[in-house]
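Please read the points below with the sequence and the model open side by side. They are written as a colleague's note for someone new to reading structures.

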Amino acid sequence: MKKDRFTKLFLICSFFFGTTVSFSQISPIIGDFSLYENRGNVYLNWQIIAGSNCNGIQIWRSTDSLEFTQIHDIPGVCGNISTPQNFDFTDKNPVKNKTNYYRLELGNTGPSEVLSIEIIAIENGFQVRPNPIADYAKIYFDNNINILSQLIIYNLHGQNIFSLATKENFFEVSTENLQSGIYFFTIGTEGGAPMAQGKIVVQH
């Protein structure tokens, strides 16, 4: 906010005292940089606040937060001297089953903050991460309409070990009270047919 007020004050002084201000002298300031995932696509949204300007925007992606690759370029003047400008970009090919890290670079003025999001590819109706499980895992499944779903864990003898319920698209599973070994599970609605079934390996 201080930098924004200084920029506006500088522009006012320039207007009254005849100082020439070029856009390249004003560093771009990013506000409200965010991202979210929907159906395998990652949507990036950001704003360049009023009073700042840049020449081109580059979007960079990484899977380790260290080595980044440029995945898109928005050429031309970006930002506006009097009003904030909103921008967006859709990454249709994020790296599946990895945490994807994103950053922006505006007019070669240096990188923005880095944001991250994990992209889960649902295959055969579910995805267990991690598997084998040491202490804790998430079991993801298709539940876009947020219906109440139930997870039931069985041992090799078909005995019901425990069950969980959720309206989210994943179950949080703790294996603290399970011995190392192979377990089976089903995912479904109460009284309905299983929507997915698979196995997990517990390895303490």
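1. Is Asp-91 buried or exposed? Asp-91 is buried, because its relative accessible area is 5%; here buried means under 20% relative accessible area, exposed means over 50%, and partly exposed lies in between, with a 1.4 Å probe and protein chains only. This is a predicted model, in which local features need pLDDT of at least 70 and side-chain atom pairs count only at pLDDT 80 or more, whereas totals for chains, interfaces and linings use all residues. Residues are numbered from 1 along each chain as its sequence is written, and side-chain values use heavy atoms, with hydrogens and water left out.

2. Asp-91 belongs to strand β5, residues 85–91, where a strand is a DSSP run of E with at least two residues, numbered from the N terminus. Its side chain makes a polar contact with the side chain of Tyr-102 at 2.7 Å, and a polar atom of that Asp-91 side chain lies 3.1 Å from the backbone nitrogen of Asn-93. A polar contact is a pair of N or O atoms within 3.5 Å; within protein, one must be able to donate a hydrogen and the other to accept it, and residues adjacent in sequence count only if both atoms are side-chain atoms.

3. The structure holds 5 aromatic pairs, meaning rings of Phe, Tyr and Trp (its six-membered ring) with centres within 6.5 Å, called stacked if the planes are under 30 degrees apart, edge-to-face if over 60 and tilted for the rest. The rings of Trp-46 and Phe-87 are stacked, because their centres are 6.0 Å apart and their planes are at 10°. Trp-46 lies in strand β2 (residues 41–48) and Phe-87 in strand β5, so this pair ties together parts that are 41 residues apart in sequence. Both Trp-46 and Phe-87 are buried.

4. Tyr-140 and Phe-170 form a tilted pair, 5.9 Å from centre to centre with 50° between the planes. Since Tyr-140 lies in strand β9 (residues 136–141) and Phe-170 in strand β12 (residues 170–174), the pair ties together parts that are 30 residues apart in sequence.

5. The backbone also deserves a careful look. The peptide bond from Arg-129 to Pro-130 is cis, with omega near -10°, and a cis peptide bond also joins Asn-131 and Pro-132, with omega about 15°. Pro-130 is found in the loop between β8 (126–129) and β9, and Pro-132 is likewise placed in the loop between β8 and β9.

How values were computed:
Helices (H or I, at least four residues) and strands (E, at least two) are DSSP runs, numbered from the N terminus.
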